[in-house]
Structure formats: structure tokens, C-alpha cells
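The stops below proceed from one selection to the next.

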Amino acid sequence: MDRFDNPYRPGAGSAPPALVGRDDLIDDFEVTVRRALDGRPGKSCVLIGLRGVGKTVLLNRFTEIAERKKVKVGYIEASEGGDFPELLAVRLRRILLELERGAARRALAAVSRALSVLVSFTQTLPDGTSVTVSAQPLTGVADSGMMSEDLTDLLVAVGEAARSCDSGLLLAIDELQYLTEVDMAAVVGSTHRTVQLGLPVVVAGAGLPQVPALLGEARTYAERLFEFPEIGSLSDSDAAAAVVLPAADLGVRFVDAAVARIVRESGNYPYFLQEWGYHAWNAAPASPIAEADVRAATPGVVDKLDRDFFRVRYDRLTPKEGEYLRAMAELGPGPHRSGDIADKLGVKVTSVAPRRSALIAKGMIYSPAHGDTAFTVPLFDEFMKRAMPMT
């Protein structure tokens, strides 16, 4: 098979050639954007799921939908560095300058005011970040130094500017779990205010399964402001379609047994499906792609996942954290009771609680229920057994 023609796209956030099993979510988001533009904003959306299920792909699709509706998009990938306010200021600067360039005369006052509010907002940022615009700061607005109050002033001003230009604002935030509690509270509170005012502002986020609890801790009404659709592995039929359809578009077939093996080996997870599809294509001499081709490709897939997907997370662990995850892996995919993990380590639960908390903060594990612990990365238990074999 010609490797140049290979249709599969394994990669972080890379859109698969066939985005299957997510149609309802995509349709729902388009309605959300249309209603916001019509002055009837409702609940925003935060996609929740493990690594490799396609949250970022969906978030990118949401931004495409918004842009087709002439909505301005501010896309932020949050990091553990806590630089969310600075990134937000940079994104909103670009958006406001775009609005200013295309604004009718009647809209210029609202855009100019929003630019002044943005300047005020940046004057209180802890790292001294500032934005270069012609506007002067608007004293008394977004300059209190209280993130929740200042972000509310800013999003309201940007929402009013967008509305005056017959547009809207989509704030798309990936890796939400890395926001500080202060920043989370500010996002929730400011979004709440824009909804109350009927402004065309929509927030779309993506994060690990602990995000709903973190948002709820930041603001108790978060669950009434956001939908939290859980993005999981695909059904067998959708997983098969994700493999078969891209090849079929190029006149290439898979035998049924080959598809079944890919679905089984991948655990139906979108990212893993792309890896198996990509390597099976390269291993096959010709169409149809047979089960033997998938078997031949599997060692290469496992090695690629170990090096590029699992290892980058494993390398962030301390030795003690590695021992904790290895004990979890010995118990199976999970979730597992914290007491069972401690028993496997031969220690008391209280003695490993700090390790567990550190691993949650790093996004390696989460607590699906009180006292339970689970991996945030699918198939990580199998990787840990390969990375730390028992002696």
C-alpha cells in the first residue's frame, strides 16, 4: 500500500478523516451558537473525557461552526503554568482589533470601549503583561485586581462589542483542569453574567473527568450554566466505521476479521483507532487489508504508543508516583478503591494520600466517586506493566 495515500491521522488533536459517533453533540452546539446570536444564550458546553477520546477534535469542530456563523473565536489551551489571564488578553485583543477594522460607524463606540476595558484588565495582571492598542484604560472597570470581577467586566464589554457588530464570541478552552480555582470561578461567574444580559457569548471547554467537580467547587451554580457531555470510546459500529470509511473513500477494503481485531486492540478509543489504521495500512501489501496485516502492525503500534503517547506522561512521574500507578495497574483497568491500592503497596491509605493528590493534579488519575481512583489515560494499566515489569 502506498504510504503517501494513507488516510489515517494519528496525532494530538488531529481531525480524523471520518468523525463518527459525535453528530448529536455537533448539532447541539450549532443550535447553541445560533440561539446566542439571536439574543437567547443558554447553557455552554464542557466536553469531559479521558485522554485520546477526541475532545480536542470536537472543540476544534465547534470553532469551525462558530466561524462559519461569523462568530469571533478565542481559543486557549490552558497549561499548568497558570497563564490563562495573559493568554485570554492576547486572544481578546486580536478579536477586538478584527471587530474594529470591520465595524460600522454605529458599532465603533462599543468596540473602542471594549478595547479600553481590555487595557484596564491587563494593568492588574501579576506578570505585568500589557497589550498594545491605541485605547486608554477605562478607570474603574476591570481594574480591581479581583479576577472574577475584572473578567466579568471584560467579557461583558467584548460581548457588547461583538453584538454591536452583528457577531458573537466563542471562548474555547482546552485542558480546563489546569485552570486555577480563581480562574475557574472567574470563567463561570463572567459567563453567568453574559447569559443574564443576553449577550452573544458562548464558552466551550474540554477537560478530564474531574473538571465538573472543580467547576462546582469554584462556583456552586456551574452545573446550571454548563452541559457536561461525557466523551467516551466509540460503539463497535462507529469504531468500525472510523476504520473502514477512510479506506473505502480510496477504494481500499478491510476484511471483517481485520476490522474486528483493530476495534478490539484499540479499545474503541478514537486516537488508538487512528494509530492501528495507520500502521495496518502501511503493513498491508495490497487491498483488502487482512487480519494478518493487523497482527503484523500491532508491535509497531504498541511501540509507537509507548514512545509518543504513554511515555511522555510516565516521564513526569516521581519514583513513588510510578510505584502507585504500577500498583493500580496490577489491579487492572479500574477504577479501584484507594484502600485496595494501598494494600497492594503494603502501606496505609493515609500515607499515600499525598501521592494520590499529586497524581490527580498532574492529570494522571481522577476520582470517579468518593474513595475511587481511575486512570485518565486509556490502556495505561497495560503500559505500566510494560514500563515497570514485576521482578
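Select S44 and F226 first: S44 stands opposite F226 in β5. The model is predicted, so local features require pLDDT of at least 70 and side-chain atom pairs count only at pLDDT 80 or more, while totals for chains, interfaces and linings use all residues. Residues are numbered from 1 along each chain as its sequence is written, and side-chain values use heavy atoms, with hydrogens and water left out.

**The parallel sheet**

Strands here are DSSP runs of E with at least two residues, helices are runs of H or I with at least four residues, and both are numbered from the N terminus. Two strands pair if DSSP finds at least two bridges between them. Now display the whole open sheet: 5 strands in the order β2-β3-β4-β1-β5, with parallel pairing. Its edge strands are β2 and β5 (226–227), each of which pairs on one side only.

Return to F226, which is buried at a relative accessible area of 2%. Buried means under 20% relative accessible area, exposed means over 50%, and partly exposed lies in between (1.4 Å probe, protein chains only). The structure holds 13 aromatic pairs. F226 and F228 form one that is tilted, at 6.2 Å centre to centre and 45° between the planes. F228 counts as partly exposed, with 22% relative accessibility. Rings of Phe, Tyr and Trp (its six-membered ring) pair if their centres lie within 6.5 Å; planes under 30 degrees apart count as stacked, over 60 as edge-to-face and the rest as tilted.

Select Y271 and F309 next; this aromatic pair is stacked, 4.9 Å centre to centre with 25° between the planes. The pair links distant parts of the chain, with Y271 in helix α11 and F309 in helix α12, 38 residues apart. Both Y271 and F309 are buried.

Which ring lies under the charged end of R313? The charged end sits over the ring of F309, 4.7 Å from its centre. The criterion is NZ of Lys or CZ of Arg within 6 Å of the ring centre and within 35 degrees of the ring normal.

The largest pocket has a volume of about 810 Å³. Of the 42 residues that line this pocket, the closest to its centre are A12, G13, G52, T56 and R313. A pocket is an open set of points on a 1 Å grid over the protein atoms alone, where a 1.4 Å probe fits, with protein on both sides within 12 Å along at least five of seven lines; lining residues have an atom within 4 Å of a point. Points are joined across faces, edges and corners, and the volume is the space filled by probe spheres set on them. To follow the lining, select α2 (55–68), β2 (72–77), α11 (270–283) and α12 (291–314), each of which supplies at least two residues.

**The second largest pocket**

The second largest pocket has a volume of about 440 Å³. It is lined by 16 residues, and Q210, A213, L214, E217 and I360 are the closest to its centre. Two or more lining residues come from each of α6 (181–196), α7 (211–218) and α15 (349–361). The largest share, 3 residues, comes from α7.

**The antiparallel sheet**

Select Y366 and A374: Y366 stands opposite A374 in β8. Strand β8 (residues 372–375) is joined to β7 by 2 bridges, and the two run antiparallel. The open sheet here has 3 strands in the order β6-β8-β7, with β6 (336–337) and β7 (365–366) as its edge strands.

**Backbone stops**

Most residues other than glycine have a negative phi, and most peptide bonds are trans. Select G334 and P335, which are joined by a cis peptide bond with omega of about 5°. P335 is in the loop between α13 (319–331) and β6. The bond from S287 to P288 is also cis, with omega near 0°, and P288 lies in the loop between α11 and α12.

Finally, select N268, whose phi is positive at about 70° although it is not a glycine. N268 lies in the loop between α10 (256–266) and α11 and is buried, with a relative accessible area of 11%.
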